[in-house]
Amino acid sequence: MQVPMPQLTRRQVFAAFAAPLSAAGEKPNFVIISIDDLGYADVSPFGKISYTPNIERMAREGMRLECCYAQPVCTPSRAALMTGCYPRRVGLERGSWHGVLFPGDRHGLNPREITIARLLKKQGYATACIGKWHLGDQPEFLPTRHGFDSYLGIPYSNDMGRGVKNPQAQNPCPPLPLVRNDKVVREVTDQDVLTPEYTAEAVAFIRKNKGRPFFLYLPHNQVHGPLFAAKSMRGKRESLYQDAVADSDWSVGEVLRTLEQEGLGKKTLVIFTSDNGGTIRADNKPFRGNKGSVWEGGLRTPTIAWWPGRIPAGTVSRELTSHIDFLPTLAKLAGAAPPSGRKIDGHDLSPILFGGPGVKTPWEAFYFYQNRNLRAVRAGAWKYHVSGELYNLDSDIGESKDVAAANPDQVARMKSLIARALADLGEGDTPGPGCRPVGRAKGPLRFFLPHDPATGLAPHAPVKAVG
Ligand SMILES: [Ca+2]
């Protein structure tokens, strides 16, 4: 259901979506800004937050997607966003030894997968990834091997640095590297500077490419712990977490301001989102659960789509959408066909983004894997957990009242939907016939920085710095 704000007349709404792509038929620019572990109600207008004016402005001028699902944790979430597929389809519903990839994992996004960046690059787009990648740190998995012209960032989470144990091998992670393309810039010792540094890189990329179509993917390392914020942002709110959220909002403002200064506002789709539900630090109201779970609080993201003149201002869609839909949507808007010869799970969201009230979700059923296991399915108002619980999200958004016993027909239907997914993607150690192979690094594992001998723990062997 879409609910235009009252100040917008129907005529204005229709004028907005009837507008041509651009006068010259130019390809639009795309910017995706993702804040790590941001909770649903951590920003305005999803929550009553006074220190996120730029995100609030995006919503005022664009569309709030109130039911945009991510995956429960970082690596699978990014795999879904980049490929338009369920993470399990591309082998990244987890890392090889943990729920996410750690430095030195042999697994990564298979170079044969077609990312949003690779697809758009073929359409003549300039492409940049700035921030947290988390789809493999071995050379063949880096952003520059997946269609990005350039990369700057920490290739995984900001807590996987010096002395942190790799959970399987009990070895320490190497020092945290800041990587440009495939070479180390420096060890990251002061994370306060990261959000401003990423933002400056993003602003420079936009300015440099203002004369051609571009795709900027800006997945910040914050507000994943450990928390940091620019020094000028610190100490101004109730907690460092709030300062980090405000820092992220500042970054959004800089991106919007740059687009407008360069005259690109009306030809750029900006999507703001989070990569999974918030942690216990966050506010996920009104949902149950946190990051890592398949309760709504682990999956829903405060997503906003902004494109002045194209997306009707101040609108809300409560229809089911997902990060998995970004690839088909951007492909469509760029005039490209989705990747062929392979199953793509996502759908083109442009009818929802540009359409009037009443445009329905393209999803008949949406599946929630947690690590290797299929845990739940959503279809219409219903969400069924394989534990046997059934919730009606139209009347019970907090998943508090199990209505399975009163709705045996719905339970039977949901079980048949679950069976359909299992026949395609499988479960546990057994991939289904629809799964494609994960990327596996060949040769010795490589690390951007050598391990810290001071920890006294044996390093991975062999260790080789690549830059
Ligand atoms: Ca995350």
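Helices (H or I, at least four residues) and strands (E, at least two) are DSSP runs, numbered from the N terminus.

This is a predicted model: local features need pLDDT of at least 70, side-chain atom pairs count only at pLDDT 80 or more, and totals for chains, interfaces and linings use all residues. Residues are numbered from 1 along each chain as its sequence is written.

Now select the buried residues of α5: Leu 194, Thr 195, Tyr 198, Thr 199, Glu 201, Ala 202, Phe 205 and Ile 206. Buried means 20 or more other C-beta atoms within 10 Å of a residue's own; exposed means 12 or fewer, and partly exposed lies in between, with C-beta atoms placed from the backbone. Look down the helix axis. The buried residues of α5 fall within an arc of 160 degrees, so they line one face. The arc is taken from the directions from helix axis to C-beta atoms. Next, pick Arg 207 and Lys 208: these exposed residues sit on the face turned away from the buried side.

Move on to β13-β14-β15-β16. This is the order of an open sheet of 4 strands, with antiparallel pairing. Its edge strands, β13 (366–370) and β16 (390–392), each pair on one side only. Strands pair if DSSP finds at least two bridges between them. β13 and β14 (residues 373–379) have 5 bridges. Finally, select Tyr 369 and its bridge partner in β14, Leu 374.
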